[in-house]
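Please look over the model below before reading on.

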Amino acid sequence: MVAFDVTNEPVFGLGVEAGNAAYQANDFGYDFALGSAPFLNAVSKNFPYRRGLADIRKQQYDTSNNPGEQSLDGYWLRSQQDSTGGAGITFMEPSNDEFQMKRFASSLGVDCWTRGELKLLKSTSSTRTLASTTSMCVTADNGSDKYIVSTSGSGVHRNGAASSTITGWTNTPTGWVTSTGDAIVVSTTAGTVGHLEYLVAPFTGTPVPIADTATGRPDLKTWWVKQRLMVGAGRDLYQLPLDPTVHPTFASLSWHYTHPITTWVWNSCVETPGAILAAGYAGNKSAIYKITVDNTGTIPTLTAAATAAELPYGEIVTGMFSYLGTYVVIGTNKGVRIAEVDGNGNLAYGPLSFTSTSTTSITGFTGRDRFIFVGVGNELDGNAGLIRFDLSSTDGAGRYAWATDLNSGTTGRVNSVATYGDQIVFTNTNLYSESATDYVTTGYVTTGQVRYGTLEPKNYRSFRLRGDVSAGSVNVSSVLYGQTPVSLFTFDSSVDINQDIAISSPTNPLQESLGLKFTFSRGTATQTPTITGWQLRAVPGSKRRLLLKIPLMCFDHETDHGGTARGYDGYAYDRLIMLQDAATDGSVLVFQDFRTGERLSVTVEDISFNQERPNNQSKVDSFGGIVEITVQSV
């Protein structure tokens with residue numbers, strides 16, 4: 001019999017509370033104890049003592065529509081072959097929402113928008129140096145040539161056909177320019193008086209003044225919507241006919257709306273199939289107003305403005321963009337919302353699809369195919385550039401897929417964005433243009449942290465990459481949550497991409513989660529490596545639990561190996577019920593093996609009772625048999 005001393009190790013592990021008190025050994029030679037109940041050993045050929053490790057891997061069938069990684073045995077796997085869900089996740093968890101399984105954490109300089117393909121984006125180059133931080137650009141087409149018109153403080157410039165500076169303005173340009181398609185309207189000023197001047201492509205003639213304001217309104221904003229000019233001047237909103245033969249003052253215009261709040265400022269105006277939408281703000285309050293077009297007369301006129309949408313308090317509309325007659329992109333000081341618009345001009349907008357981390361305003365937008373390009377400030381690893389949204393990919397809450405796109409390489413803000421043929425152009429302090437052929441030198445994608453839906457530690461063993469690295473290279477790094485990436489391996493044309501690469505970092509293989517970072521480097525200027533899929537492999541890293549199957553004598557009256565008798569009528573039943581209750585409610589018990597001195601905190605996983613005859617050691621026995629109990633250490 002084992003002797004116990006107060007200096008022995010605790011019966012319970014720290015933080016584990018047993019459901020029953022531990023049995024205190026005495027002069028009766030019991031072999032085992034569970035909680036307060038002691039037992040004699042019943043090991044025999046028919047009832048062996050078994051000892052092993054509990055299985056920590058979940059066995060399951062895959063019942064999803066598309067069989068996946070959970071149907072495979074062995075390694076725990078996480079793969080991704082489609083990244084069109086865009087950026088913005090932290091953890092890549094299994095989900096019934098397929099949109100979430102297509103997302104990644106972050107990227108720069110990588111095109112993720114073709115299913116099953118990651119490659120470098122086209123490069124961006126500065127095509128004109130501009131003097132003003134509020135420079136704008138628009139595009140125009142006179143049928144034979146396409147033009148980019150950009151402003152630079154008091155200068156207006158033309159790119160296309162032949163680059164030149166557009167001169168001949170009656171007054172000084174302020175920097176605001178609007179395209180009507182084949183012509184431009186530029187805001188100009190003479191002291192405190194604002195003017196609008198008009199010039200058609202190819203922008204080599206003399207600009208024509210088309211409107212003057214009263215004194216005190218030098219900074220006019222114009223928008224070309226529904227074949228008319230809408231002009232914002234403080235809290236006043238005007239409709240102006242585009243007629244170079246007429247040169248009215250704003251006071252003489254037949255339609256204008258004045259917002260009742262004197263500090264209100266109009267800063268955006270777009271068209272929808274059923275209405276014109278105008279947005280503005282005063283203080284911390286911002287709203288979008290609907291102006292319907294009245295077609296009852298010979299010349300369509302405008303009705304008064306009605307509220308179409310209000311933004312949450314503190315969120316200010318900084319710009320809007322209407323696309324395909326269905327979507328209205330709303331830039332705010334908080335980020336970007338994308339609304340759907342009905343035939344009457346009513347808006348239904350969801351949560352922020354992109355949340356800004358910069359204090360710069362979001363004012364520039366353009367569309368191409370199913371994509372929207374939005375200008376942002378300092379959001380591309382500290383640089384100003386573009387965010388791309390995919391209108392065909394959204395989650396259940398109305399957030400659209402996004403990822404970073406063209407990069408100016410400089411800080412500041414993007415003031416305007418335009419489509420120039422198949423290319424995107426935008427202004428920061430310079431005019432930037434997307435290359436038609438060349439890729440960026442380098443770019444990266446960082447996956448979400450993979451933790452296989454559990455906080456238990458995992459042993460991350462290896463990864464595999466699929467794609468084409470015959471041109472350029474792809475470096476793969478491991479990324480621990482919140483830490484700097486560590487390089488693991490570089491794939492290029494000199495190595496076989498069809499191999500599994502061991503994860504050598506972190507040096508401690510047991511981690512709660514792990515991500516991967518893929519850094520692309522181009523070959524020649526027109527060559528990019530491509531990734532078509534990746535996979536991360538791990539095995540469970542949880543501490544294996546001890547599993548014991550023990551046969552126990554359970555009779556009313558029992559005799560130990562020394563011949564000492566103990567028990568009472570009902571003693572077997574009392575101990576059996578105690579074990580059954582522990583198995584039912586999951587109590588933590590102290591298991592003691594007096595043969596070896598082992599003590600463990602355990603739970604009862606299974607219990608069975610076998611009675612082969614009515615009596616055993618005593619003629620007065622009314623109940624007894626062999627208990628087979630399975631316990632697991634905790």
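This is a predicted model: local features need pLDDT of at least 70, side-chain atom pairs count only at pLDDT 80 or more; totals for chains, interfaces and linings use all residues.

Residues are numbered from 1 along each chain as its sequence is written, and side-chain values use heavy atoms, with hydrogens and water left out.

Four strands form an open sheet in the order 13-14-15-16, with antiparallel pairing. Strand 13 (172-179) and strand 16 (208-215) are the edges; each has a single partner strand, so one side of each has no neighbour in the sheet. Neighbouring strands are turned by 20° against each other on average, direction ignored. Such angles come from axes, which are lines fitted to C-alpha atoms, and run from 0 to 180 degrees between N-to-C directions. Strands are DSSP runs (E, at least two residues), numbered from the N terminus. Two of them pair if DSSP finds at least two bridges between them.

| Strand | Partner | Bridges | Facing residues |
|---|---|---|---|
| Strand 15 (residues 193-200) | Strand 16 | 4 bridges | Y198 and V208 |
| Strand 6 | Strand 7 (residues 117-120) | 3 bridges | D111 and K119 |

**A hairpin**

Strand 6 and strand 7 form a hairpin with 2 residues between the strands. There, G116 takes a positive phi near 75°. Strand 6 (residues 110-114) is mostly covered, with 4 of its 5 residues buried. Buried means under 20% relative accessible area (1.4 Å probe, protein chains only).

**Two cores**

A nonpolar core is a set of buried Ala, Val, Leu, Ile, Met, Phe, Trp, Tyr and Cys residues joined through side-chain atoms within 4.5 Å. The largest one has 67 residues; F389, F463, L465, F518 and L536 touch the most other members. Strand 32 (residues 371-380) gives the largest share of this core, 6 residues. Another core, of 32 residues, lies apart from it and includes A140, I166, W176 and Y289.

**A buried aspartate**

D405 sits in strand 34 (residues 400-407). Is D405 buried or exposed? D405 is buried, at a relative accessible area of 3%. Its side chain makes a polar contact of 2.8 Å with the side chain of R388. A polar contact is a pair of N or O atoms within 3.5 Å; within protein, one must be able to donate a hydrogen and the other to accept it. Neighbours within four places in sequence aside, D405 is in contact (heavy atoms within 4.5 Å) with residues including W113, L121 and F373.

Key. Buried means under 20% relative accessible area, exposed over 50%, partly exposed in between (1.4 Å probe, protein chains only).
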